[in-house]
Amino acid sequence: MNTISVPAVETSNIKSTRKLLRLTKFKPALVLLPFALLFFMFQIAPMLWVLFNSFIYEDEFSLENYQEIFDSAFILQGFSNSLWLAVTSSLIAIIIAALFVSSLRRFDSRARDLIVSFTNMTANFSGVPLAFAFIIILGFNGALTLLLKKYGIIDDFNLYGQWGLLAIYIYFQVPLATLLLYPAFDALSDDWQAASSLLGAKNWQFWRYIGLPVLSPALLGTFIILIANAMGAYASIYALTSGNYNVITVRIASLVSGDIFLEPNLAAAISVLLILLLAFITLINQLLISRSYHAKR
Amino acid sequence: MQNANSSLFHKVIVYSTIAVLIIPILATFVYSISSSWGATILPNGFTTDWYSQLWQDPRFIAAFGRSLLVCISALLLSALLIIPAIFVVFYYFPKLNGLMNILILLPFAVPPVVSSVGLLQIYADSSIQIVGTPWILIGTYFTIALPFMYRAIANSFEAINLADLMDAAHLLGASTAQAFFLIILPNLKKGLLASLFLSFSFLLGEFVFSNILVGTRYETLQIYLYNMRQTSGHFTSALVMTYFAFIFLFTWLASRISRGAQ
């Protein structure tokens with residue numbers, strides 16, 4: 001008899017401790033409340049506003065805002081300019097950063113630490129101050145522009161156009177790419193390179209068949225963050241061109257905070273498309289990563 | 001294993017990348033200490049006038065003060081709300097950690113321009129009059145600092161054995177609050193400080209929210225910087241270098257502290 005009643009007592013005990021636990025968890029949950037409230041107010045609510053209002057046109061629910069975007073060559077140009085800047089600058093920056101990091105591994109640890117912390121610091125050199133620095137060296141009367149002109153390397157350099165903006169984008173992408181790639185290169189073992197060269201592989205063969213496949217998830221992941229970073233960039237380009245160069249973030253901002261033609265709902269629709277574009281790029285990236293070396297193991 | 005050729009190749013790559021990264025900084029510095037630098041490659045003479053002129057400009061001091069005020073309040077608020085929240089998540093609701101990890105990606109995934117569209121509309125006409133005031137900046141800075149702060153503090157929580165520490169404290173008669181303040185908090189110190197310094201230098205450089213949501217109504221350092229673009233290049237260079245010195249100081253402190261923590 002006793003042997004049967006023991007489990008019964010235990011279950012009732014467990015039940016009451018569970019109840020107690022639920023009660024004791026009520027107070028800690030309250031601690032989460034102010035955090036959740038602030039996060040909702042400043043992150044979730046604006047996102048929801050943007051999503052709902054992108055479908056509101058003249059107080060009615062419609063797709064008119066989206067229609068307007070696809071009819072407007074100007075907004076579409078903003079998208080294509082943004083995409084071109086983002087993809088080109090990310091590609092160039094990731095190549096520079098990959099070369100930089102792979103060469104940095106050959107340095108001794110003291111020098112390496114110093115260089116990494118320097119790159120860390122330049123990662124914070126962006127936005128308005130960076131635009132100023134670029135005006136000083138690459139503007140119409142910039143020191144570097146004059147130097148290159150003197151030796152006849154260039155005729156003229158327009159910092160405020162496509163190529164100047166690309167230069168500034170690459171500048172702020174390289175430190176970010178370096179920081180993201182630096183830990184990833186630890187996955188490469190020096191022994192592999194030694195083994196492959198013992199077996200007669202050339203340096204490029206090592207990178208083509210071993211190095212890059214091993215690094216591909218890190219490279220792809222970094223590439224996505226760089227693209228998102230460049231697509232969302234606003235401060236540098238705004239400071240450099242006062243909003244005269246047509247990229248998508250400048251379009252969005254001018255529709256909500258310009259002096260004329262305020263169309264917040266249209267801005268919301270462009271924002272939704274921008275987010276969808278970023279989500280789409282991330283999705284493709286996930287597909288590529290899942291097919292890469294690490295996932296196969 | 002390596003020959004001299006390949007080591008030279010690596011040196012060239014590393015040093016040329018550093019050179020390219022350092023040129024804009026150096027040029028700005030030289031520009032800020034040169035008396036005049038017209039259409040020539042090298043400046044004519046050197047002076048510290050631009051710095052003294054900058055540091056005597058009351059508008060600069062005021063803008064700098066406002067930036068410090070907003071950034072420090074936002075960071076204090078973040079620390080005050082995030083640490084207990086992470087503690088509660090890790091100790092009482094470990095299952096929530098997955099959700100939190102997704103939520104804290106949102107400020108990363110959503111460009112600030114997009115968030116500010118919603119923020120401007122929601123709070124421009126609402127009863128809470130915060131557009132154009134530092135309050136809205138403190139709120140938005142809380143969210144953009146969140147990914148950094150959460151990751152850094154959560155890493156510290158993962159490094160300590162939270163459940164065992166709390167059990168030991170409880171066995172010895174401490175209340176949960178006592179255990180939190182006397183045992184958990186001191187263990188987080190280094191991770192917390194490093195993330196605070198890092199977030200500070202990041203927030204000080206924030207321009208999008210301050211430009212769209214507040215603008216000149218509450219002139220922060222970045223807005224002042226932007227508004228000063230028409231003045232002398234030497235003056236703005238001195239401004240950029242001053243700003244930069246602060247960023248460097250705080251990033252350096254952050255990396256110092258986090259290296260010490262390892």
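The second largest pocket of this predicted model has a volume of about 860 Å³. Here a pocket is an open set of points, on a 1 Å grid over the protein atoms alone, with protein on both sides within 12 Å along at least five of seven lines, and lining residues have an atom within 4 Å of a point. Grid points are joined across faces, edges and corners, and a volume is the space filled by probe spheres set on the points. Of the 31 residues lining this pocket, A:Gln193, A:Asn203, A:Phe206, A:Trp207 and B:His10 are the closest to its centre. Two or more lining residues come from each of helix 4 (73–104), helix 9 (190–198) and helix 10 (203–232) of chain A, and likewise from helix 1 of chain B. Helix 10 of chain A gives the largest share, nine residues. Helices (H or I, at least four residues) are DSSP runs numbered from the N terminus. By class, the pocket lining holds 16 nonpolar, 11 polar and four charged residues; Ala, Val, Leu, Ile, Met, Phe, Trp, Tyr, Cys and Pro count as nonpolar, Asp, Glu, Lys and Arg as charged, and the others, Gly among them, as polar.

Residues are numbered from 1 along each chain as its sequence is written, and chains are lettered from A and ligands numbered from 1 in the order in which they are written. As the model is predicted, local features need pLDDT of at least 70 and side-chain atom pairs count only at pLDDT 80 or more, while totals for chains, interfaces and linings use all residues; side-chain values use heavy atoms, with hydrogens and water left out.

The largest cavity holds about 60 Å³ of space. Its lining includes B:Ser67, B:Cys71, B:Tyr141 and B:Glu206. Helix 3 (58–91), helix 7 (134–159) and helix 9 (176–204) of chain B each supply at least two of the lining residues, with the largest share, three residues, coming from helix 3. Six residues of this lining are nonpolar, four polar and one charged.

The second largest cavity, of about 40 Å³, is lined by residues of both chains, among them A:Phe42, A:Gln43, B:Pro107 and B:Phe209. Its lining has six nonpolar, three polar and no charged residues.

Between the chains, 79 residues of chain B are in contact (heavy atoms within 4.5 Å) with 69 residues of chain A. Together they bury about 6600 Å², 82% of it on carbon and sulfur atoms; buried area is the accessible area (1.4 Å probe) that two parts lose on being put together, summed over both. On the chain B side, helix 1 (residues 4–32) makes the largest contribution, 16 residues. That side divides into 56 nonpolar, 20 polar and three charged residues.

Zero salt bridges are found across this interface, a salt bridge being a side-chain nitrogen of Lys or Arg within 4 Å of a carboxyl oxygen of Asp or Glu. Over all chains, the search finds one salt bridge. In it, the side chains of B:Arg59 and B:Glu219 meet at 2.8 Å, N to O. This pair links distant parts of the chain, 160 residues apart: B:Arg59 lies in helix 3 of chain B, and B:Glu219 in the loop between helix 10 (208–214) and helix 11 (221–227) of chain B.

Terms used:
1 Å grid on protein atoms, 1.4 Å probe; cavity = no way out; pocket = protein on both sides within 12 Å on 5 of 7 lines; lining within 4 Å.
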